[in-house]
Amino acid sequence: MAEESSNWIVMVTAKSPTNIAVIKYWGKRDETLILPINDSISVTLDPDHLCTTTTVAVSPAFQSDRMWLNGKEISLSGHRYQNCLREIRQRASEYEDEKRGIRISKEDWGKLHVHIASYNNFPTAAGLASSAAGFACLVFALGKLMQVKEDLGALSAIARQGSGSACRSLYGGFVKWVMGNDVTGKDSIAVQLASEKHWDDLVIIIAVVSSRQKETSSTTGMRESVETSTLLHHRSKEVVPKRIVQMEEAIANRDFASFSKLTCTDSNQFHAVCLDTCPPIFYMNDTSHKIISYVEKWNQYEGTAQVAYTFDAGPNAVLIARDRKTAGHLLQRLLFYFPPNVDLSSYVLGDKSILQEAGVE
Ligand code: DP6
């Protein structure tokens with residue numbers, strides 16, 4: 001291990017974006033391994049927007065595994081963190097830094113402790129999912145630190161054990177999480193369908209409808225749906241398999257009309273499943289419903305789809321505009337019909353020129 005002294009430290013930093021599902025994952029067949037009841041497809045956001053940055057460090061001076069999230073220490077005792085740490089440690093291989101005289105053998109990795117510092121670049125209170133980016137980043141950074149030689153697919157199967165949707169954040173562009181059928185979960189991995197360059201006209205706008213913490217977490221919500229919703233079982237067996245094929249085709253052909261139809265319909269069915277759950281789960285609110293009606297009317301008026309909408313386990317709208325010009329119109333309209341009571345520029349992450357183009361800044 002360390003040659004002379006024990007005050008060395010080896011560190012790795014990684015950054016992962018979050019992803020938005022256009023065909024939703026909702027329901028597990030195995031709660032511990034986090035194995036889903038259907039395939040899902042997502043689009044990964046630009047790495048500068050809504051991302052997590054994580055630094056992982058190892059040193060013989062560390063007495064225990066510890067983690068800080070946005071500067072506050074959190075517990076690593078939960079099974080999700082423990083599973084990710086264990087899986088990465090099992091795959092660790094030798095590390096050597098000749099210059100610094102540091103050698104860490106495969107066995108040493110099992111004895112050394114890690115410290116983890118993770119930051120989200122978006123307001124934690126904004127009610128936006130962070131576990132996808134968080135676990136993807138953690139697993140990727142630990143894999144680099146511990147010299148794990150496996151490919152992204154194998155790493156995605158580990159990130160999946162932290163949070164299901166996290167497995168899709170290891171890739172950019174359009175990503176499919178294949179449910180798999182092995183009991184060990186080794187074939188329940190994410191694969192990239194198309195890179196971020198494939199369809200770069202699309203612009204994603206997230207309208208923060210409420211920054212309140214959701215009342216029912218995704219984990220609890222989907223457990224209750226699996227137990228009580230007959231619609232969910234129909235959805236996973238009869239509906240999603242066909243939609244996955246159609247969505248892959250729409251993405252391959254950059255067919256916005258089909259992409260939009262499938263995205264909106266799938267989001268609506270997911271929320272219908274929530275209503276079909278006993279007791280029912282209400283993730284969307286009146287403003288979410290008004291946004292849906294507005295987008296539907298706009299698309300109908302234009303005769304071709306301009307914008308797609310999708311909602312996760314909360315009221316915030318994820319709006320996907322077919323191109324930059326449409327995104328500008330969308331922003332103008334959102335501001336007119338749903339005026340925010342906050343400084344808008346703080347909600348447009350990264351390139352803010354879109355606000356100027358839309359004449360709203
Ligand atoms: C509605 O991945 O957060 O966003 O696996 O229990 O951690 P766990 O759940 P999580 O669920 C995401 C649900 C969703 C749909 C999706 O991202 O596919």
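This report describes helix packing, backbone geometry and the surroundings of selected residues in a predicted model.

## Basis of the description

Residues are numbered from 1 along each chain as its sequence is written. Because the model is predicted, local features need pLDDT of at least 70 and side-chain atom pairs count only at pLDDT 80 or more, whereas totals for chains, interfaces and linings use all residues.

## Helix 3 and helix 4

Helices (H or I, at least four residues) and strands (E, at least two) are DSSP runs, numbered from the N terminus. Two packed helices are described by the angle between their axes and the distance between the axes. Helix 3 (residues 131-145) and helix 4 (residues 152-159) pack with their axes 9 Å apart and at an angle of about 125 degrees, where axes are lines fitted to C-alpha atoms, for helices over the stretch in contact, and angles run from 0 to 180 degrees between N-to-C directions. That angle makes helix 3 oblique to helix 4; angles under 35 degrees count as roughly parallel, over 145 as roughly antiparallel, 65 to 115 as roughly perpendicular and the rest as oblique. Helix 3 passes helix 4 in a right-handed crossing, a crossing being left-handed if the near helix is turned anticlockwise from the far one by less than a right angle, and right-handed if clockwise.

On the side of helix 3, the contact is made by Phe135, Ala136, Val139, Phe140 and Gly143, and on the side of helix 4 by Leu155, Ile158 and Ala159; two residues are in contact if their C-beta atoms, placed from the backbone, lie within 7 Å. These contact residues of helix 3 and helix 4 divide into seven nonpolar, one polar and no charged, with Ala, Val, Leu, Ile, Met, Phe, Trp, Tyr, Cys and Pro counted as nonpolar, Asp, Glu, Lys and Arg as charged, and the others, Gly among them, as polar.

## Burial and length of these helices

At 1.5 Å a residue, the 15 residues of helix 3 should span 21 Å, which agrees with the 21 Å between its end C-alpha atoms; the expected span is 1.5 Å times one less than the number of residues.

In helix 4, the buried residues are Leu155, Ser156, Ala157, Ile158 and Ala159. The buried residues of helix 4 pack against helix 1 (79-90), helix 3 and strand 13 (190-194). Tyr81, which lies in helix 1, counts as partly exposed with 19 C-beta neighbours inside 10 Å. The C-alpha atoms of Tyr81 and Phe135 are separated by 8.5 Å, although these residues are 54 residues apart along the chain.

## Helix 6 and helix 7

The axes of helix 6 (residues 230-252) and helix 7 (residues 256-275) cross at roughly 165 degrees and come within 10 Å. That makes helix 6 roughly antiparallel to helix 7, and the crossing of the two helices is left-handed. Helix 6 contributes residues including Leu231, Arg235, Val239 and Arg243 to the contact, while those of helix 7 include Phe259, Leu262, Asp266 and Val273. The residues of this contact between helix 6 and helix 7 divide into ten nonpolar, three polar and three charged.

Lys237 is also found in helix 6, and with 11 C-beta neighbours inside 10 Å it counts as exposed.

## Backbone geometry in the loops

Most residues other than glycine have a negative phi, and most peptide bonds are trans. Ile34, in the loop between strand 3 (28-30) and strand 4 (35-36), has a positive phi near 55 degrees, and Ile34 is buried, with 25 other C-beta atoms within 10 Å. Gln147, in the loop between helix 3 and helix 4, has a positive phi of about 55 degrees although it is not a glycine, but Gln147 counts as partly exposed, with 15 C-beta neighbours inside 10 Å.

The peptide bond from Cys278 to Pro279 is cis, with omega near -5 degrees, and Pro279 lies in the loop between helix 7 and helix 8 (286-302).

Definitions and conventions
A residue is buried if 20 or more other C-beta atoms lie within 10 Å of its own, exposed if 12 or fewer, and partly exposed in between; C-beta atoms are placed from the backbone.
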